[in-house]
Amino acid sequence: MRVAVLSDIHSNVVALDAVLDSAGPVDAIWHLGDVVGYGPEPDAVVDRLAAAGAVGVAGNHDRAATGGSEIDWFNPDARAAMEWTRGRISSTTSSWLAAQPVRRTESETLLVHGSPRDPIWEYVMSSAVAGANLRELETRMGLFGHTHVPMIWAERDGRIDGISPRPAATIRFDGTSRLLINPGSVGQPRDGDPRASWLELDLGEGIGTWHRVAYDIPAVQAAMLDAGLPVRLAERLRHGL
Ligand code: ZN
């Protein structure tokens, strides 16, 4: 079974289309939340995911988009983009977002946006936080997003290792380590590489592969500026930060 794992698409349908094109036919699409927010095309992104039968979880931006108080914790640019999103999304998009759970288990793999113990808000960025969450994990593998940075956290014999996977890096999950894995962000990467990031899982072979895909960043920036979204949010796409 071949699965495309996508996180933090953030209303960037140009990046999403580039990823779906390059992935080709897959058996499943799992998304890790923050489907909307920041970018210019929330309805188109949800249309694509719904049409493809993607399953996944809600992120802090998805909750905010459907009226959640998460918006109170956003910085001014994120908040401005979220107010724009709230005024813009269709009732179909809103219902689809509201139906996303905060945790979901697929093929013995936990899907969350933030972390297993705090699925909406916690950032897994240190070995201390990763270790605490790995100890709570009830499956061998958990997938998370939220940081917009590709990452592998592994626990074996009580030791926690963090690895930053390079593009085309592969990992073998043979059940000897407990793993927390971040595919990186499709729509707003923050690891210095502006290309869309996603993770391919081959569950039969037990192999994960990170991919980066170039997309038309100037077209997305132009759409953001046309929509009146914050200039800094458009600018950062070019830097991947
Ligand atoms: Zn995000």
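Ile152 has Ile163 as its bridge partner in strand E8. The structure is a predicted model, in which local features need pLDDT of at least 70, side-chain atom pairs count only at pLDDT 80 or more, and totals for chains, interfaces and linings use all residues. Residues are numbered from 1 along each chain as its sequence is written, and side-chain values use heavy atoms, with hydrogens and water left out. Helices (H or I, at least four residues) and strands (E, at least two) are DSSP runs, numbered from the N terminus.

Strands E7 (residues 151-156) and E8 (residues 159-163) run antiparallel and are joined by five bridges. Two strands pair if DSSP finds at least two bridges between them. E7 and E8 form a hairpin with two residues between them. In the turn, Asp157 has a positive phi of about 50°.

An open sheet is built from six strands in the order E3-E2-E1-E11-E12-E9. Its pairing is mixed. Strand E3 (55-56) and strand E9 (170-172) are the edge strands, each pairing on one side only. Helix H1 (residues 13-23) packs on the sheet, touching E1, strand E2 (28-31), E11 and strand E12 (207-213). Contact here means heavy atoms within 4.5 Å. The direction of H1 makes about 35° with that of E11. Axes are lines fitted to C-alpha atoms, for helices over the stretch in contact, and angles run from 0 to 180 degrees between N-to-C directions. Within the sheet, strand E1 (residues 2-6) pairs with strand E11 (residues 196-202) in the antiparallel sense, over four bridges. Ala4 has Glu200 as its bridge partner in E11.

A zinc ion has four protein donors: Asp8 (OD), His10 (NE2), Asp34 (OD) and His148 (NE2). They lie 2.2 to 2.3 Å from the ion. Donors are N, O and S atoms within 2.8 Å of the metal (3.2 Å for Na, K and Ca); water is not among the atoms, so sites may look incomplete. Along the chain, the donors follow the spacing D-x1-H-x23-D-x113-H. Asp8 lies in the loop between E1 and H1, and Asp34 in the loop between E2 and helix H2 (42-51); the two are 26 residues apart.

The axes of helix H7 (residues 217-227) and helix H8 (residues 231-239) come within 9 Å and cross at roughly 175°. The two helices are therefore roughly antiparallel (angles over 145 degrees). Ile217, Val220, Gln221, Met224 and Leu225 in H7 meet residues of H8 including Val231, Leu233 and Leu237.

Definitions and conventions: Parallel < 35°, antiparallel > 145°, perpendicular 65-115°, else oblique. Tetrahedral: all angles 85-135°; square planar, octahedral: opposite > 155°, others 65-115°.
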